[in-house]
Amino acid sequence: MRDLKNKLTSSKNTKNIQSRKGKSFGYQVLGFGSGGSAPPAPYDIEFLIVAGGGGGGPDPHGGGGGAGGYRTSTQEVAPEVEITVTVGAGGGGGAAGEGGARGVNGSNSLFSGTNLTTITSAGGGGGANEYNTTAGSGGSGGGGEGRNSPGSGGSGNTPSTSPSQGNNGGAGNGGGPNYGAGGGGGATAVGGNGASTSGGDGGAGTANSITGSSVTYAGGGGGNAYNNLPGCGAGGAGGGGAATLGQGVSGTANTGGGGGGSERSPSSAGGAGGSGVVILKMPTASYTGTQSGSPTVTTSGTNTILTFTGSGTYTA
């Protein structure tokens with residue numbers, strides 16, 4: 001009996017017993033953990049990024065404002081990544097009165113996040129006038145003024161992106177009797193050149209159905225002509241037209257449309273550019289509901305859409 005007791009309490013046997021107990025406990029923990037749910041998977045988000053449109057040129061012979069840059073992107077986003085969104089404001093129209101400043105460029109829109117490619121759309125260029133003859137460059141360029149030499153339109157797709165985010169503004173006519181100013185560039189087409197008797201039309205925008213319904217974004221503003229005779233340039237869809245003997249029409253909010261050019265009698269400022277927008281579309285099954293900045297949340301089929309008209313965030 002004494003020998004048996006010694007064998008049972010020997011350090012070697014005790015170690016083996018403890019080892020076997022430890023292994024058994026470890027297996028139980030592993031088995032418990034293996035039954036847990038899988039971590040969330042990355043998923044694709046589709047983005048539309050439209051910058052603020054440029055303001056129209058003031059009297060006399062105001063060029064149309066260029067549309068805000070128009071860009072799209074689809075990227076895979078990992079769980080818990082925070083996407084930061086900035087929405088650009090439209091540029092103000094040039095101040096009324098001879099010698100007033102040209103239209104103000106719109107502001108950029110963008111999004112960014114960890115391991116994502118940041119996409120920035122550039123604000124549209126402001127329209128020129130007779131006393132401030134250099135049209136603004138940007139996502140799309142502003143329209144050139146109608147009287148001097150003639151005035152060139154501003155450059156679009158500035159800075160350069162591929163695909164192009166916008167187009168050049170139209171040139172002013174540079175001759176009488178009515179010195180037509182150029183229209184602002186749009187996402188799809190260049191701004192129209194001014195004629196000797198009328199302003200150029202704003203460049204066409206681009207239709208997009210990310211929200212489930214087709215909406216046209218980033219149309220250029222129309223250019224004006226001396227005393228608006230016989231006509232003013234029309235805005236591209238979302239862009240403001242030039243007004244008859246008065247202030248140009250403002251671009252449509254949240255489409256990035258350029259503002260319309262203006263003409264005196266009475267003395268008038270250019271139309272303001274429309275604000276931009278950033279839209280995210282993702283599978284509803286993956287949507288977390290974690291966001292800031294009060295985006296509008298809608299659904300279309302199996303997708304959830306967040307429409308940001310101001311700055312904010314979404315956490316995947």
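A residue counts as buried when its relative accessible area is under 20%. Glutamate 130, at 15%, is therefore buried. The model on display is a predicted one, and the tour starts at this residue.

**Stop one: glutamate 130 and its partner**

Select glutamate 130 together with arginine 147. The two form a salt bridge in which the closest N and O atoms are 3.9 Å apart. Both residues lie in the loop between strand E5 (119-121) and strand E6 (206-208), so the bridge ties together parts that are 17 residues apart in sequence. Arginine 147 has a relative accessibility of 32% and counts as partly exposed.

Glutamate 46 is partly exposed, its relative accessible area being 28%.

**Stop three: the largest nonpolar core**

Next, display Ile45, Ile83, Val85, Phe111, Leu280 and Tyr314. Of the 19 residues in the largest nonpolar core, these touch the most other members. Strands E1 (43-50), E3 (82-86), E8 (277-283) and E11 (303-308) each give two or more residues to this core, and E1 gives the most, with four. Centre the view on isoleucine 45. Beyond its neighbours within four places in sequence, isoleucine 45 is in contact with residues including Ser73, Val77, Ile83, Leu280, Lys281 and Tyr314. Apart from this core lies another, of 11 residues, among them Leu48, Val50, Ile210 and Tyr217.

**Stop four: the aromatic pairs**

There are two aromatic pairs to inspect. Select phenylalanine 47 and phenylalanine 111, which are stacked at 3.8 Å centre to centre with 5° between the planes. Phenylalanine 47 is in strand E1 and phenylalanine 111 in strand E4 (residues 109-112), 64 residues apart. Both phenylalanine 47 and phenylalanine 111 are buried.

Finally, select tyrosine 287 and tyrosine 314. Their ring centres are 6.0 Å apart and their planes stand at 15°, so this pair is stacked as well. Tyrosine 287 lies in the loop between E8 and strand E9 (291-292), whereas tyrosine 314 is in strand E12 (residues 312-315), 27 residues apart. Tyrosine 287 is partly exposed at 23% relative accessibility, while tyrosine 314 is buried at 0%.

Conventions. Residues are numbered from 1 along each chain as its sequence is written. This is a predicted model: local features need pLDDT of at least 70, side-chain atom pairs count only at pLDDT 80 or more; totals for chains, interfaces and linings use all residues. Side-chain values use heavy atoms; hydrogens and water are left out. A nonpolar core is a set of buried Ala, Val, Leu, Ile, Met, Phe, Trp, Tyr and Cys residues joined through side-chain atoms within 4.5 Å. Buried means under 20% relative accessible area, exposed over 50%, partly exposed in between (1.4 Å probe, protein chains only). Contact means heavy atoms within 4.5 Å. A salt bridge is a side-chain nitrogen of Lys or Arg within 4 Å of a carboxyl oxygen of Asp or Glu. Rings of Phe, Tyr and Trp (its six-membered ring) pair if their centres lie within 6.5 Å; planes under 30 degrees apart count as stacked, over 60 as edge-to-face and the rest as tilted.
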